[in-house]
Amino acid sequence: MANEVLKVEHLEKYYQKKHVLHDINFSISKGEVITLLGPSGSGKSTLIRCLNGLEDFRNGEITFENKKVVPSEKNWQQLRQKIGMVFQSYDLFPNLTVLDNIMLGPTKVQKRNVDEVKKEVDELLKKVDLLDYKDAYPRQLSGGQKQRIAIVRALALHPEFMLFDEVTASLDPEMVRGVLNIIQDLADQDDMTMIIVTHEMNFAQQIADRVLFLKDGSILEDTPGKKFFKDPTTDQAKEFLQSMDF
Amino acid sequence: MSWEIIKQSLPMFQQGFVLTLYLSLVGIIGSAIVGIICSLVQYFKVPILDKILQVYIEISKNTPLLVQLFFLYYAFPAMGIKLSAQLCGIIGLIFLGGSYMAAGFSGGFNGVSKKQVESGKAIGLSNWQLARYVVFPQGFALSIPALAANIIFLIKETSIFTVIAIPELTNTALDLIGLYYNSNEYLFVLVVAYAIILIPLSIILTLLERRVRYGTFGN
Ligand SMILES: Nc1ncnc2c1ncn2[C@@H]1O[C@H](COP(=O)(O)OP(=O)(O)O)[C@@H](O)[C@H]1O
Ligand SMILES: [Mg+2]
């Protein structure tokens, strides 16, 4: 497929003897939003960590923008500029200001012009309502603010593809909306290609073009979003949606 | 105890004092550099080099400075390498201190959370960039207590230089005692001289530790 961003084939992941991902196959095309759903411990984090090389895997192949990924650290280093990732625990660098946190990737990794990047970062910060916090240190921010900055930090690299791993799971309820709105805007305005792991079912339903349902390390469903939430195929998925009060 | 004898000995002690400070400073800086290199190599598990440095660290940690100095001062010339006593002292101190500093820095670097490292990787940082912008600044702050202990330790270790006749503080005192037998006076000055170096330094380092512990970043 010409506009295919990422393809995963026959991926198997073990932690020592423990087999946590079984024969994973799927692909995502440009502008598509996949939500990756499944019970806790089903392997969601492990799977998306494999997609930017934070976990190595035993078998299988990942193709990114029609090129097979050679799974070396050097190669992943290059690719990570194009594959942004935001984690559950908003891990800004505590030793750097908000601005320096965001500037690090674009100026040091991509060696872009500092003034140009600064201008762009200002725009991004304005969008997430945090321009006033440019010179603050992470410890002076709330969880929700940190997470918005973490997203901006990833976006500043101009990624082609974003991975979100339960980015609202450790936020106070009143902070969740602000973070989800940013992700929603990415889908609506920027047509960003994304894989989102989330427990916010309303949000998942609203944003998902497609749902991958993972259970015990296997993809049990790969369905259009609309269908998954109305009429999931497997009993496991039905059970899961019920357990989420959905 | 005679103040007259103490007064007369002060110019000699002054020279020893300066030399002790100088040797300590060079030794500490050298040890810190060796320590940083070793700990970063071990942190990033640089192949081969990490094994070689591990051998160095084991030898350094598990042999007394006294033996290291004798080796440099007596065994090296036998192999055709002749070094001045001061150079032997400095090399010996750095050889010893390097492994202690490496352990101190490693403790700090390993205290930097895995999540910090992963978010650094996630924005494409190379190992070197990770070290420079994330692991080193955060790990350094964490390793300050260990480094402070090492600094005090290394200054005290310079007293062993007397065995190869470097005229630092201890050697000065022992020489004077040998010449004039006024051991009470000379030992008194010796203790005071070390106290003048170590007590203020120790206080400064403790304050620094506290600042890092409570202040962290952003204060
Ligand atoms: N670093 C690790 N070492 C060993 N087992 C792990 C590790 N990380 C995760 N696991 C195991 O792998 C499985 C999948 O975990 P994870 O991907 O975190 O699931 P999820 O994100 O869906 O909750 C779980 O059984 C978990 O205990
Ligand atoms: Mg998870």
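This is a predicted model: local features need pLDDT of at least 70, side-chain atom pairs count only at pLDDT 80 or more; totals for chains, interfaces and linings use all residues.
Let's begin where the two chains meet. On the chain B side, 22 residues are in contact with 26 residues of chain A. How big is the area buried between chain B and chain A? It comes to about 2,100 Å², and carbon and sulfur atoms give 57% of that. In case you wonder about that figure, the size of an interface is often given as the accessible area lost when the parts come together.

Now for the polar side of the story. Between chain B and chain A there are six residue pairs in polar contact. The rule also finds one salt bridge across this interface. In that salt bridge, the side chain of Arg49(A) meets that of Glu118(B), at 2.6 Å from N to O. On the side of chain B that touches chain A, two or more residues each come from α5 (114-122) and α6 (127-157) of chain B. Of the elements there, α5(B) gives the most, with eight residues. That side of chain B divides into seven nonpolar, eleven polar and four charged residues.

Why is β3 of chain A described as largely enclosed by the rest of the structure? Because five of its five residues are buried. Val33(A), Thr35(A) and Leu37(A) point one way from β3(A), while Ile34(A) and Leu36(A) point the other way.

And the neighbours? β3(A) runs parallel to β8 (residues 193-197) of chain A, joined by four bridges. Four bridges also join β3(A) to β9 (residues 210-215) of chain A, again parallel. Look at Leu36(A): it stands opposite Val197(A) in β8(A), and its bridge partner in β9(A) is Leu212(A).

Notes: Residues are numbered from 1 along each chain as its sequence is written. Chains are lettered from A and ligands numbered from 1 in the order in which they are written. Side-chain values use heavy atoms; hydrogens and water are left out. Contact means heavy atoms within 4.5 Å. Buried area is the accessible area (1.4 Å probe) that two parts lose on being put together, summed over both. A salt bridge is a side-chain nitrogen of Lys or Arg within 4 Å of a carboxyl oxygen of Asp or Glu. A polar contact is a pair of N or O atoms within 3.5 Å; within protein, one must be able to donate a hydrogen and the other to accept it, and residues adjacent in sequence count only if both atoms are side-chain atoms. Ala, Val, Leu, Ile, Met, Phe, Trp, Tyr, Cys and Pro count as nonpolar, Asp, Glu, Lys and Arg as charged, and the others, Gly among them, as polar. Buried means under 20% relative accessible area, exposed over 50%, partly exposed in between (1.4 Å probe, protein chains only). Two strands pair if DSSP finds at least two bridges between them.
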